[in-house]
Amino acid sequence: EVAKKKPKSHLEVLEARKHRGEKKPVTVAPEYDYRLKQETRRAHQKQLIQDEIDEHRRPRRREKRLYNACGLCLQLFPSDSYTISAPHNVIIAQLKNFGLSEEELKERGSESLALWANRLPICVFCSQFLDPDEDSGIALRVRKDRDTTRYQPFFDAAYPDTYTETMRRKEARAAAWRVKDDES
(Lines give C-alpha, C1' and ligand atoms only; values in the text may rest on other atoms or scores of the structure.)
Protein backbone atom coordinates (compact mmCIF):
# COMPACT_ATOMS: atom_id res chain seq x y z
CA GLU A 1 0.00 0.00 0.00
CA VAL A 2 1.02 3.50 -0.66
CA ALA A 3 1.64 5.49 2.44
CA LYS A 4 -0.21 8.76 2.52
CA LYS A 5 1.85 11.85 2.90
CA LYS A 6 1.48 13.61 6.13
CA PRO A 7 -0.12 17.01 5.53
CA LYS A 8 2.24 19.85 6.10
CA SER A 9 1.62 22.21 8.93
CA HIS A 10 0.93 25.87 8.37
CA LEU A 11 4.46 26.82 9.43
CA GLU A 12 6.03 24.29 7.06
CA VAL A 13 4.06 25.76 4.14
CA LEU A 14 5.23 29.26 5.06
CA GLU A 15 8.85 28.17 5.35
CA ALA A 16 8.72 26.39 1.97
CA ARG A 17 7.31 29.49 0.28
CA LYS A 18 9.93 31.66 1.94
CA HIS A 19 12.75 29.47 0.58
CA ARG A 20 11.26 29.42 -2.90
CA GLY A 21 10.86 33.20 -2.86
CA GLU A 22 7.10 33.15 -3.38
CA LYS A 23 5.22 36.24 -2.29
CA LYS A 24 1.79 34.61 -2.45
CA PRO A 25 -0.49 35.77 0.37
CA VAL A 26 -1.23 33.11 2.91
CA THR A 27 -4.85 32.46 3.71
CA VAL A 28 -5.49 31.13 7.16
CA ALA A 29 -8.62 29.29 8.18
CA PRO A 30 -10.80 31.49 10.43
CA GLU A 31 -10.65 29.05 13.35
CA TYR A 32 -6.84 29.44 13.45
CA ASP A 33 -6.62 33.17 12.84
CA TYR A 34 -5.86 34.79 16.19
CA ARG A 35 -6.00 38.36 14.89
CA LEU A 36 -9.43 37.84 13.34
CA LYS A 37 -10.75 36.33 16.57
CA GLN A 38 -9.33 39.22 18.58
CA GLU A 39 -10.82 41.84 16.25
CA THR A 40 -14.18 40.07 16.36
CA ARG A 41 -14.13 40.02 20.19
CA ARG A 42 -13.23 43.72 20.34
CA ALA A 43 -15.99 44.65 17.90
CA HIS A 44 -18.48 42.59 19.91
CA GLN A 45 -17.43 44.27 23.20
CA LYS A 46 -17.69 47.73 21.61
CA GLN A 47 -21.18 46.88 20.36
CA LEU A 48 -22.26 45.68 23.82
CA ILE A 49 -20.99 48.88 25.44
CA GLN A 50 -22.72 51.02 22.82
CA ASP A 51 -25.98 49.12 23.33
CA GLU A 52 -25.74 49.67 27.09
CA ILE A 53 -25.11 53.40 26.61
CA ASP A 54 -28.04 53.65 24.20
CA GLU A 55 -30.26 51.81 26.70
CA HIS A 56 -29.49 54.37 29.41
CA ARG A 57 -30.01 57.33 27.09
CA ARG A 58 -33.36 56.11 25.86
CA PRO A 59 -36.27 57.33 27.99
CA ARG A 60 -37.79 54.44 29.86
CA ARG A 61 -41.46 53.81 29.49
CA ARG A 62 -43.28 52.84 32.61
CA GLU A 63 -45.76 50.08 32.34
CA LYS A 64 -49.25 51.39 32.75
CA ARG A 65 -51.00 49.69 35.62
CA LEU A 66 -54.72 49.44 35.84
CA TYR A 67 -56.15 50.90 39.01
CA ASN A 68 -59.59 49.97 40.30
CA ALA A 69 -61.51 51.31 43.26
CA CYS A 70 -62.20 49.06 46.20
CA GLY A 71 -65.91 48.28 46.48
CA LEU A 72 -66.03 49.16 50.17
CA CYS A 73 -63.61 52.05 50.82
CA LEU A 74 -63.44 53.39 47.22
CA GLN A 75 -59.64 53.79 47.41
CA LEU A 76 -57.69 53.13 44.20
CA PHE A 77 -55.35 50.14 44.16
CA PRO A 78 -53.57 48.27 41.35
CA SER A 79 -56.02 45.79 39.89
CA ASP A 80 -53.65 42.85 40.43
CA SER A 81 -53.53 43.46 44.21
CA TYR A 82 -57.14 42.54 44.98
CA THR A 83 -57.59 39.23 46.75
CA ILE A 84 -61.37 38.85 47.00
CA SER A 85 -64.56 40.26 45.58
CA ALA A 86 -67.99 40.64 47.13
CA PRO A 87 -71.54 41.10 45.84
CA HIS A 88 -72.90 44.64 45.89
CA ASN A 89 -75.68 43.78 48.36
CA VAL A 90 -73.15 42.51 50.93
CA ILE A 91 -71.13 45.70 50.54
CA ILE A 92 -74.28 47.83 51.08
CA ALA A 93 -75.18 45.78 54.20
CA GLN A 94 -71.68 46.35 55.59
CA LEU A 95 -71.89 50.07 54.86
CA LYS A 96 -75.19 50.14 56.79
CA ASN A 97 -73.40 48.51 59.71
CA PHE A 98 -70.73 51.20 59.49
CA GLY A 99 -73.46 53.83 59.86
CA LEU A 100 -73.65 55.49 56.44
CA SER A 101 -76.68 57.72 55.96
CA GLU A 102 -79.48 56.82 53.56
CA GLU A 103 -78.33 59.51 51.11
CA GLU A 104 -74.80 58.13 51.01
CA LEU A 105 -76.15 54.63 50.52
CA LYS A 106 -78.33 55.82 47.62
CA GLU A 107 -75.25 57.40 46.03
CA ARG A 108 -73.53 54.04 46.30
CA GLY A 109 -76.45 52.36 44.50
CA SER A 110 -78.30 50.73 47.39
CA GLU A 111 -81.68 50.95 45.65
CA SER A 112 -80.52 49.62 42.28
CA LEU A 113 -81.49 45.97 41.98
CA ALA A 114 -79.43 45.66 38.81
CA LEU A 115 -76.24 46.31 40.80
CA TRP A 116 -76.96 43.83 43.57
CA ALA A 117 -75.68 40.85 41.61
CA ASN A 118 -72.44 42.61 40.59
CA ARG A 119 -69.28 41.55 42.35
CA LEU A 120 -66.85 44.31 43.22
CA PRO A 121 -63.17 43.89 44.11
CA ILE A 122 -62.29 44.33 47.78
CA CYS A 123 -58.88 45.56 48.96
CA VAL A 124 -56.86 43.61 51.50
CA PHE A 125 -57.72 45.97 54.36
CA CYS A 126 -61.48 45.87 53.73
CA SER A 127 -61.44 42.09 53.28
CA GLN A 128 -61.24 41.75 57.08
CA PHE A 129 -64.81 43.05 57.33
CA LEU A 130 -66.24 40.48 54.90
CA ASP A 131 -66.41 36.74 55.36
CA PRO A 132 -67.31 34.48 52.41
CA ASP A 133 -68.14 31.62 54.80
CA GLU A 134 -70.93 33.54 56.55
CA ASP A 135 -74.43 33.50 55.08
CA SER A 136 -74.66 37.28 55.31
CA GLY A 137 -71.15 37.74 53.93
CA ILE A 138 -70.25 40.03 56.83
CA ALA A 139 -67.49 39.02 59.23
CA LEU A 140 -68.56 38.74 62.84
CA ARG A 141 -66.34 41.05 64.81
CA VAL A 142 -67.30 40.16 68.36
CA ARG A 143 -69.22 37.54 70.26
CA LYS A 144 -72.88 38.40 70.80
CA ASP A 145 -72.64 37.90 74.57
CA ARG A 146 -69.71 40.33 74.94
CA ASP A 147 -70.38 43.97 75.78
CA THR A 148 -68.11 45.97 73.48
CA THR A 149 -68.63 49.22 75.40
CA ARG A 150 -66.79 47.95 78.48
CA TYR A 151 -63.07 47.65 78.78
CA GLN A 152 -61.80 44.12 79.11
CA PRO A 153 -59.02 44.18 81.73
CA PHE A 154 -55.73 42.60 80.87
CA PHE A 155 -53.29 41.52 83.54
CA ASP A 156 -49.65 41.02 82.62
CA ALA A 157 -47.66 38.99 85.16
CA ALA A 158 -44.46 40.76 84.09
CA TYR A 159 -45.94 44.07 85.36
CA PRO A 160 -48.08 43.20 88.41
CA ASP A 161 -48.18 46.78 89.70
CA THR A 162 -49.75 48.14 86.52
CA TYR A 163 -53.52 48.23 86.74
CA THR A 164 -56.16 50.11 84.86
CA GLU A 165 -58.97 52.09 86.45
CA THR A 166 -61.33 49.22 85.73
CA MET A 167 -59.13 46.79 87.62
CA ARG A 168 -58.90 49.18 90.58
CA ARG A 169 -62.71 49.56 90.66
CA LYS A 170 -63.15 45.77 90.58
CA GLU A 171 -60.65 45.36 93.41
CA ALA A 172 -62.44 48.04 95.42
CA ARG A 173 -65.80 46.29 94.88
CA ALA A 174 -64.30 42.92 95.80
CA ALA A 175 -62.81 44.42 98.99
CA ALA A 176 -66.17 45.99 99.86
CA TRP A 177 -67.88 42.60 99.43
CA ARG A 178 -65.27 40.95 101.64
CA VAL A 179 -65.87 43.56 104.34
CA LYS A 180 -69.65 42.97 104.12
CA ASP A 181 -69.12 39.18 104.29
CA ASP A 182 -66.83 39.56 107.31
CA GLU A 183 -69.40 41.77 109.12
CA SER A 184 -72.24 39.31 108.62
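**Aromatic rings and one histidine**

Hi everyone, let's start with Phe125, which counts as exposed at 56% relative accessibility (exposed means over 50% relative accessible area, buried under 20%, partly exposed in between, with a 1.4 Å probe and protein chains only). This is a predicted model, where local features need pLDDT of at least 70, side-chain atom pairs count only at pLDDT 80 or more, and totals for chains, interfaces and linings use all residues. Residues are numbered from 1 along each chain as its sequence is written, and side-chain values use heavy atoms, leaving out hydrogens and water.

How many aromatic pairs does a search of the whole structure find? The search finds three. Rings of Phe, Tyr and Trp (its six-membered ring) pair if their centres lie within 6.5 Å; planes under 30 degrees apart are stacked, over 60 edge-to-face, and the rest tilted. Phe98 and Phe129 have ring centres 5.3 Å apart and planes at 85°, so this pair is edge-to-face. Phe125 and Phe129 also form an edge-to-face pair, at 5.7 Å centre to centre and 80° between the planes. Together, Phe98, Phe125 and Phe129 form one aromatic cluster. As for Phe98, its relative accessible area of 36% makes it partly exposed.

Now to His88, which is buried at 7% relative accessibility. Which backbone oxygen lies 3.3 Å from a polar atom of the His88 side chain? That oxygen belongs to Gly109. Beyond its neighbours within four places in sequence, His88 is in contact (heavy atoms within 4.5 Å) with residues including Arg108, Trp116 and Leu120.

Technical notes
Polar contact = N/O pair within 3.5 Å; in protein donor to acceptor, adjacent residues only side chain to side chain.
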